[in-house]
Amino acid sequence: MARIGEVQAPAATRDALARGRLRASLVPDLLVEARRIVNTVIAGWHGRRKRGIGENFWQFRPYVEGDSSRIDWRRSARDDHTYVRDREWEAAHTVWLWADPSPSMLYKSTGAGVSKQSRALVLTLAMAELLSRSGERIAWPGLTDPFTARNGAERIAAQLMHAGEMPAKPDLSDIRRFCDIVIASDFLDPVEETMAWLDVLARHGVRAHLIEVADPAEETFPYAGRTEFTDPETGDKLTAGRAEMLADEYRLLYTARRQELASWCKRLGWSFTVNHTDRLASDALVRLHMSMTADGGHAGLIADDNQLGMTNGRPGMIAGGNQPGITAGGGKPDITAGGGKPGKTVA
């Protein structure tokens with residue numbers, strides 16, 4: 001049996017930045033709706049449709065004694081009243097970005113255009129480009145503090161290039177209330193572990209947007225005959241004499257993991273998007289744009305290009321929890337196949 005997939009080398013950050021900018025150019029300028037909370041207000045470019053600090057004209061209103069606003073004498077000369085000119089309150093919003101650097105993200109099957117790690121990095125850098133263009137504050141947990149810059153994506157890419165080895169999961173406890181965070185990962189850890197890691201965001205009132213990056217082979221499970229499965233993080237191997245006998249159980253578990261995580265996000269008012277590596281990255285960017293600009297951010301579940309949990313008419317697979325054999329939960333084993341010969345890694 002021919003090799004179905006393999007582990008790829010980590011994506012070059014500069015190349016990912018170039019592709020991220022290309023994808024960002026396909027999406028309209030992103031204007032993230034900032035929360036109407038005073039303690040998150042920072043002078044920026046986004047009108048809040050109310051009076052406050054800003055550069056754009058908001059309205060004329062009658063002058064009242066003791067008003068600190070400057071009188072607009074030109075408008076006042078038109079009639080018998082005295083008017084002041086109000087400016088519109090503007091605020092920038094803080095959005096954190098993170099792409100999963102774990103070994104399982106390096107997997108790429110023959111049916112995919114890029115590895116999961118490459119796609120996740122392109123998506124996060126594309127978001128950095130869009131957010132920077134809109135004047136938002138962006139940051140990468142464990143790498144940068146929030147900052148505003150027109151070249152924000154390039155600054156984050158430069159930091160990533162010199163960061164060395166990144167932790168599998170960053171500490172999210174410093175992310176404060178009313179911020180947003182975009183997380184791109186395969187989320188193949190047991191659901192309980194993922195929820196425990198992200199629970200600090202829910203307790204701090206952070207709005208999260210999860211992008212599950214999935215390789216098509218991880219859903220369709222195109223393996224048959226004698227197949228060896230290898231965990232890219234621990235190196236553990238599992239050899240199946242007839243891999244096709246495991247397909248139905250695998251897909252059931254894979255779907256259950258995704259649906260449980262998506263339902264949890266929906267209850268919290270977070271968004272959940274699935275992007276396949278054989279589809280365009282811009283598909284996920286459009287859905288992410290919609291969820292981030294939705295009023296209040298309670299976008300809930302956002303399905304992928306196909307229906308959630310369905311690929312080519314078949315249910316997706318779940319790998320979460322402590323499923324025996326072929327789970328991609330505990331150690332997140334990627335799938336390997338060697339036809340009738342063991343030892344050939346393909347997933």
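Mentor: Start with helix H5 (residues 191-203) and helix H7 (residues 247-268), which pack at an angle of about 15° with their axes 11 Å apart. This is a predicted model: local features need pLDDT of at least 70, side-chain atom pairs count only at pLDDT 80 or more, and totals for chains, interfaces and linings use all residues. Residues are numbered from 1 along each chain as its sequence is written, and side-chain values use heavy atoms, leaving out hydrogens and water.

Helices are DSSP runs (H or I, at least four residues), numbered from the N terminus. Axes are lines fitted to C-alpha atoms over the stretch in contact, and angles run from 0 to 180 degrees between N-to-C directions. H5 and H7 are therefore roughly parallel to each other. The cut-offs are under 35 degrees for roughly parallel, over 145 for roughly antiparallel, 65 to 115 for roughly perpendicular, and oblique for the rest. The crossing of H5 and H7 is right-handed: the near helix is turned clockwise from the far one by less than a right angle. On the H5 side, the contact (heavy atoms within 4.5 Å) uses Val-191, Glu-192, Thr-194, Met-195, Leu-198, Asp-199 and Ala-202. H7 supplies Arg-257, Glu-260, Leu-261, Trp-264 and Leu-268. By class, this contact has 7 nonpolar, 1 polar and 4 charged residues. Nonpolar means Ala, Val, Leu, Ile, Met, Phe, Trp, Tyr, Cys and Pro; charged means Asp, Glu, Lys and Arg; the others, Gly among them, are polar.

Now H3. Helix H3 (residues 116-133) comes within 10 Å of helix H8 (residues 281-293), axis to axis, and the two cross at roughly 45°. That makes H3 oblique to H8. Their crossing is right-handed. Arg-119, Val-122, Leu-123, Ala-126 and Met-127 in H3 meet Ala-281, Ala-284, Leu-285, Leu-288 and Met-292 in H8. The count is 9 nonpolar, no polar and 1 charged.

H3 also packs on helix H4 (residues 152-161). Here the angle is about 140° and the axes lie 7 Å apart. H3 and H4 are therefore oblique to each other. From H3 come Leu-121, Leu-125, Ala-128, Glu-129 and Ser-132. They meet Gly-152, Ala-153, Ile-156, Ala-157 and Leu-160 in H4. This contact has 7 nonpolar, 2 polar and 1 charged residues.
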